[in-house]
Amino acid sequence: MQSSDKSSQPSRRQFLQTGALAASSFFIVPRHVLGKGFIAPSDKLNLAAVGFGGKGSGDINNSFNNGANNVVALCDVDWGLPRVKENFAKHEKAKRYKDFREMLDKEGKTIDAVTVSTADHTHAVIAMAAMMRGKHVYVQKPLTHNIYEARMLTEAARKYKVVTQMGNQGSSNPQQKTMVEWFDKGLIGKVHEIQIWTNRPVWPQGIPVPQPSGEPSADLDWDLWLGPAQKVGYTPAYHPFKWRGWWNFGAGALGDIGCHIMDIPFRVLGLGYPTEVESSISQVFLKDWTPEYNPEGCPPASHVELKFPASAKNKSEVKMVWSDGGLRPFRPDFLPAGEAYPEGGENGMFMVGDKGLIACGMYGDDPKLYTKDGKKMEAPAKPKPVDGKPWPENGHQILWTEACKAGFNSKEHKGLTSSFDFAGPLTESVLMGNLAIRSYMLRTPKADGKGFTYPGRQRLAWDGKNMKITNFDEANQFVKREYRQGWELPA
């Protein structure tokens, strides 16, 4: 990537952190001198967005926070998307770019922090380029496309001393604190089983690889959209949304929802790296007796089991079972007859202990506790803000911007719920599921030419520290990706 540009960053950081004098002839006026409600220029971050035609529109505007910060640059590979046009109009003074590398080169001395809300396959290269220049970053979930990238971003955040946050906004849900308190009080005992489920994918999966279909519009730079991914021809079957179902770009249902729901037991139980993973996937039959084989794409439904060792908080080994494609777990012990599944059974989580269970929806919403002796507890409603105006998405982006102003290792930074120190290991465990799924899909022709064997359909042993499957080497090809020339991730 480009060389690091840090020449002006320390002085600007001092403005944001301490309100220090910029020079003998210039000083920053404290906000109390300027009047109530006035935000001094020194208290504002200069923000840039990379990818704001979808979810990124909310990320940059929540960070903008009604003018509490400045939006100085906007970058998206497709200027024809409706939300891109809307944000160009809303932030008319912001410089406009299609290539994030050009934006960082030209605006690097101005930008303080960057939101990254592109397709999964470009998260790491964009975030790394920003962090190497000393920019704080907010990166949508899943943090990265593969396990190796998650480890690299986690280490880079410490190396470059930047404030980070992953976009799993449920982690800032105050109701998650209730589940932590319930567990810490011993109300459900030691947890031995976690069940997680989702109705995703809600886009096509398990289908043949789309074929190129004409040329993209002049608004879209297709080569930039591809970034580090294997080069393929343009098709609207990938952009702007359905890329999630293809390993070249996305991480399937796990990548979409895993960082939201797995976040809860990771936080409550203090989980670390898993030690084992195993998967099973559904088949698609378009011809009698002949299952389709589409290893380039994610399956229509999958079942994944991860095993975690006992943690300092939870003195028990844990089996975590993930189900997607509309599959959901059978009713667990302690869930009374007639009690509804969270979110009507579409998305949710059970943590089952020896004294009871905790259930909640996808973002940690509406937690409920059921004890072995038949008692039920519900979390208090989310507290109402003093001014009566709730922060969007539990303030997840706003809290990140305030931590950026306070600086690396500040109290505000340490108070973030999904900085990369937490989000990196979480993402690695989420993506372990995809490693198992892709290993399950590997096949080898039989010696007699009649049929195939499937060597990856086994329980895989994981060495988390060294990012390696120890009992099936072929699975390790999925720890990291092959990068297109010129798009390699710096070590």
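Select R443 and F452: R443 lies over the face of F452, at 3.8 Å from the ring centre. A charge counts as sitting over a ring if NZ of Lys or CZ of Arg is within 6 Å of the ring centre and within 35 degrees of the ring normal. The model is a predicted one, in which local features need pLDDT of at least 70 and side-chain atom pairs count only at pLDDT 80 or more, while totals for chains, interfaces and linings use all residues. Residues are numbered from 1 along each chain as its sequence is written, and side-chain values use heavy atoms, with hydrogens and water left out.

Next, select R96 and F88. The charged end of R96 sits over the ring of F88, 4.3 Å from its centre.

Now turn to the aromatic rings. The whole structure holds 14 aromatic pairs; rings of Phe, Tyr and Trp (its six-membered ring) pair if their centres lie within 6.5 Å, and planes under 30 degrees apart count as stacked, over 60 as edge-to-face and the rest as tilted. Show F100 and W487: their ring centres are 6.2 Å apart and their planes stand at 50°, so this pair is tilted. F100 lies in helix α5 (residues 100-107) and W487 in the segment after β20 (468-469), so the pair ties together parts 387 residues apart in sequence. Helices (H or I, at least four residues) and strands (E, at least two) are DSSP runs, numbered from the N terminus. Both F100 and W487 are buried, where buried means under 20% relative accessible area, exposed over 50% and partly exposed in between (1.4 Å probe, protein chains only).

Move to W197 and F350, a tilted pair with 5.0 Å centre to centre and 45° between the planes. W197 is in strand β7 (residues 191-198) and F350 in strand β13 (residues 347-353), so parts 153 residues apart in sequence are tied together. The relative accessible area is 0% for W197 and 0% for F350.

Then select W222, W225, Y234, Y238, W246 and F249, which form one aromatic cluster.

Last, show the sheet as a cartoon. Its ten strands run in the order β16-β15-β14-β13-β7-β12-β11-β8-β19-β20, open and with mixed pairing; two strands pair if DSSP finds at least two bridges between them. β16 (376-378) and β20 are at the edges with a single partner strand each, so one side of each has no neighbour in the sheet. Helix α10 (residues 252-261) packs on the sheet and touches β7, β11, β12 and β13, contact meaning heavy atoms within 4.5 Å.

Definitions and conventions. Axes fitted to C-alpha atoms, helices over the stretch in contact; angles between N-to-C directions.
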